[in-house]
Protein chains: 2
Amino acid sequence: MPQYATELETPAAIVDLDRLARNLDTMAAYCAVHELALRPHVKTHKAPRIAAEQMRLGAVGLTCATTQELEVMSTVSADLLLAHPPVGIPKIHRALSIDREVALSFALDNVEVAIPLANVARDAARPVGVLVEVDLGMHRVGVQTPADAVRLAREISDLGGLRYDGILFYPGHIREPQEQRQDALLHELAEDLGQVIQALAGADLGPRVVSGGSTPIGWRIHEVPGITEVRPGTYVYNDRTTAALGACDWEDCALTVLATVVSVAVPGQAVIDAGSKALGREPLPGESASLGGYGALEDRPEVIVTRLSEEHGILDLSASDWRPSIGDQVRVVPNHVCYVVNLFDTIFGMRDTVVETHWPVTARGRDGNRPVWSR
Amino acid sequence: MPQYATELETPAAIVDLDRLARNLDTMAAYCAVHELALRPHVKTHKAPRIAAEQMRLGAVGLTCATTQELEVMSTVSADLLLAHPPVGIPKIHRALSIDREVALSFALDNVEVAIPLANVARDAARPVGVLVEVDLGMHRVGVQTPADAVRLAREISDLGGLRYDGILFYPGHIREPQEQRQDALLHELAEDLGQVIQALAGADLGPRVVSGGSTPIGWRIHEVPGITEVRPGTYVYNDRTTAALGACDWEDCALTVLATVVSVAVPGQAVIDAGSKALGREPLPGESASLGGYGALEDRPEVIVTRLSEEHGILDLSASDWRPSIGDQVRVVPNHVCYVVNLFDTIFGMRDTVVETHWPVTARGRDGNRPVWSR
């Protein structure tokens with residue numbers, strides 16, 4: 001195994017172990033102080049090793065987005081939530097074939113999703129929890145009104161085979177660095193959520209679980225009355241987006257893509273061996289989009305990856321007097337770390353330039369369809 | 001193994017086997033007619049199975065972008081080109097540890113890249129070919145002038161340890177559906193290339209190999225005098241970009257992402273389980289960007305994937321009277337198929353709705369740093 005960064009073949013995904021530990025501690029402490037159940041989203045790291053550390057630090061369970069994540073994370077947590085509608089018999093069967101010791105729950109927004117799930121759960125005589133997903137401004141999935149939430153909660157309760165646990169929302173539309181506007185959006189969210197909770201309570205369907213929260217507004221989610229549980233993901237590593245939104249400092253970005261300068265032929269730029277297949281073509285959100293690019297150098301944030309081919313990244317040198325040489329290694333803070341992790345199979349844990357450890361990104365990919373012998 | 005599309009867990013990458021076969025044949029025939037050596041770029045499929053078929057149909061060798069691709073493709077071809085600067089000792093060692101029966105060559109644009117490569121090649125007493133990469137308008141990598149090409153070709157010839165074979169360029173900047181403008185760009189390219197070839201010939205460094213070409217202008221590259229070899233990749237599968245550029249018909253798109261409708265809660269849209277981690281956030285290039293989105297339904301190209309989360313894709317229904325139900329399967333033609341393939345581990349080969357076969361995307365990922373026992 002490589003012992004130093006210079007021995008790593010690039011591009012490689014590397015993690016500053018001290019920053020990772022600090023990020024894990026900070027979120028655990030925040031949730032403890034505010035008495036919020038922490039159910040971290042594993043999509044960011046897809047690694048049992050980090051999930052196990054999250055559980056050790058007090059997480060009540062884990063949030064998953066795919067059946068691959070469910071399957072892998074069942075080895076480190078006995079309480080898993082799929083925060084994605086479980087549609088399609090192959091998906092339902094795969095999820096419900098997970099070890100029976102593991103408590104499973106699912107978020108969904110339509111009884112048509114619940115019916116086949118209830119049928120399989122009933123046949124398997126397996127308890128399955130359901131959270132009604134409500135749309136509080138993201139406009140992606142989720143029932144649209146308090147009345148619809150009540151109707152779906154009742155339908156689920158009446159189906160037999162499923163246990164109605166409460167509600168879930170994803171406030172991914174609140175990505176706002178400006179405090180006053182963040183205040184306004186949070187206030188609106190709290191109002192809308194209050195109406196849903198009140199309507200459910202009035203129908204004798206008061207939610208035991210009210211699950212929300214994301215990294216960008218993670219640190220203020222306790223201001224929203226009624227929330228019982230949060231599901232942040234990105235906080236373990238953070239990224240250029242989280243920093244641009246003011247939800248972390250630049251020094252909290254724990255994962256970078258180690259890359260090598262491979263060409264300086266075209267004036268005004270340098271080319272690294274990390275392209276879109278290593279960095280992803282993920283833009284910065286909202287107002288921060290004007291910063292441009294797909295990542296920035298950790299030690300020179302003014303140097304931005306402005307163009308990508310699949311295996312080439314173009315560093316714009318116009319804002320810097322740094323003139324790299326061929327063979328120089330750089331560390332790129334990516335725009336969206338959850339995306340980058342999914343492009344790699346192995347993560348290297350570093351202290352400074354020393355490779356201390358490595359771990360597999362076990363839950364990347366989707367081998368639900370692969371023959372069992374090849375997994 | 002699943003036998004029908006409905007048994008596949010989605011998202012899944014599926015290939016129409018008849019279209020794939022036709023695409024392979026068409027390019028092989030084009031190159032045969034115009035007496036161009038075909039060295040397909042494997043980045044699109046990353047699969048030995050398809051590479052072997054390309055070789056059977058007359059390819060002279062294969063083009064790779066990563067050492068992972070080199071290593072994997074050494075099992076099906078004895079003539080491999082790395083069309084990416086080989087920088088960094090781990091990368092050079094990995095490449096040159098490939099079976100000695102395999103002829104290796106590399107594209108590069110600076111003697112600083114050539115020196116360590118020559119040292120390792122000399123130590124290993126292994127013949128290694130080099131192509132001087134020239135920039136003919138892409139402005140990514142490549143020497144900038146005919147004089148620079150001559151200088152680098154001479155430096156390589158004088159180094160010892162490397163064999164100067166000729167020149168390489170990538171005309172990726174010519175992505176132009178409009179014929180008159182394509183004419184102009186091709187004409188400019190031919191002029192520039194002519195000057196490079198002439199300068200080299202005048203210095204007694206006339207190139208044996210002149211390697212260029214890509215899928216978008218693949219069908220016209222024979223119009224450029226002096227070209228001996230082409231390196232198209234995307235043509236095996238094609239995609240929404242290739243179709244938008246007029247370089248293939250919609251019915252030539254062989255790979256689609258099979259997805260399931262999981263939510264219809266938000267008016268005017270449907271949500272599928274293929275998000276950015278299945279489709280990539282790849283825009284259409286140039287003028288075709290105005291078409292928008294990240295993919296379109298194969299049988300309803302007016303229905304576009306307009307928004308992506310990691311595991312959610314939003315279908316805009318405003319241009320269609322189609323109203324899907326939860327559980328409906330759809331086939332999405334992605335904007336950029338090379339990117340999509342790299343997100344999956346397995347490809348399923350279909351005829352209509354029958355799953356006839358499947359193959360692994362063996363050359364995805366970068367396990368050069370992984371411990372040997374875990375590969």
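I take a residue as buried when its relative accessible area is under 20%, as exposed when over 50%, and as partly exposed in between, with a 1.4 Å probe and protein chains only. The model is predicted, so I kept local features at pLDDT of at least 70 and side-chain atom pairs at pLDDT 80 or more, whereas totals for chains, interfaces and linings use all residues.

**Entry 1: salt bridges**

I searched the whole structure and found 50 salt bridges over all chains; the term stands for a side-chain nitrogen of Lys or Arg within 4 Å of a carboxyl oxygen of Asp or Glu. Helices (H or I, at least four residues) and strands (E, at least two) are DSSP runs numbered from the N terminus.

I looked up A:Glu9 and found its side chain in a salt bridge with that of B:Arg94, at 3.3 Å from N to O. This pair crosses between chains: A:Glu9 lies in the segment before strand E1 (12–16) of chain A, and B:Arg94 in helix H4 (residues 89–96) of chain B. I noted that both A:Glu9 and B:Arg94 are buried.

I next took A:Asp165, whose side chain forms a salt bridge with that of A:Arg208 (3.3 Å, N to O). The two are 43 residues apart, with A:Asp165 in strand E7 (residues 163–168) of chain A and A:Arg208 in the loop between helix H7 (179–202) and strand E8 (209–212) of chain A. A:Asp165 is buried at a relative accessible area of 5%, whereas A:Arg208 is exposed at 57%.

**Entry 2: a network of shared partners**

I found a salt bridge between the side chains of B:Asp345 and B:Arg364 (3.7 Å, N to O). B:Asp345 sits in the loop between helix H10 (337–341) and strand E16 (346–351) of chain B, and B:Arg364 in the segment after strand E17 (354–360) of chain B, so the pair ties together parts 19 residues apart in sequence. Both B:Asp345 and B:Arg364 are buried. Through shared partners, salt bridges join A:Asp345, A:Arg364, B:Asp345 and B:Arg364 into one network. I also recorded the salt bridge of B:Asp345 with A:Arg364, whose closest N and O atoms are 3.1 Å apart.

**Entry 3: the interface of chain B and chain A**

I counted 75 residues from chain B and 75 residues from chain A in the contact, which requires heavy atoms within 4.5 Å. The two chains bury about 5,900 Å² between them, 52% of it on carbon and sulfur atoms; this is the accessible area (1.4 Å probe) that two parts lose on being put together, summed over both. I found twelve salt bridges between chain B and chain A.

**Entry 4: a sheet in chain B**

I traced an open sheet of eight strands in chain B, with parallel pairing and the order E2-E9-E8-E7-E6-E5-E4-E3. Strand E2 (37–38) and strand E3 (62–64) of chain B stand at the edges with a single partner strand each, so one side of each lacks a neighbour in the sheet. Two strands pair if DSSP finds at least two bridges between them. I found that strand E6 (residues 128–133) and strand E7 (residues 163–168) of chain B pair in the parallel sense over five bridges. The bridge partner of B:Leu131 in E7(B) is B:Gly166.

Key: Residues numbered from 1 in each chain as written. Chains lettered and ligands numbered in written order. Heavy atoms only, no water.
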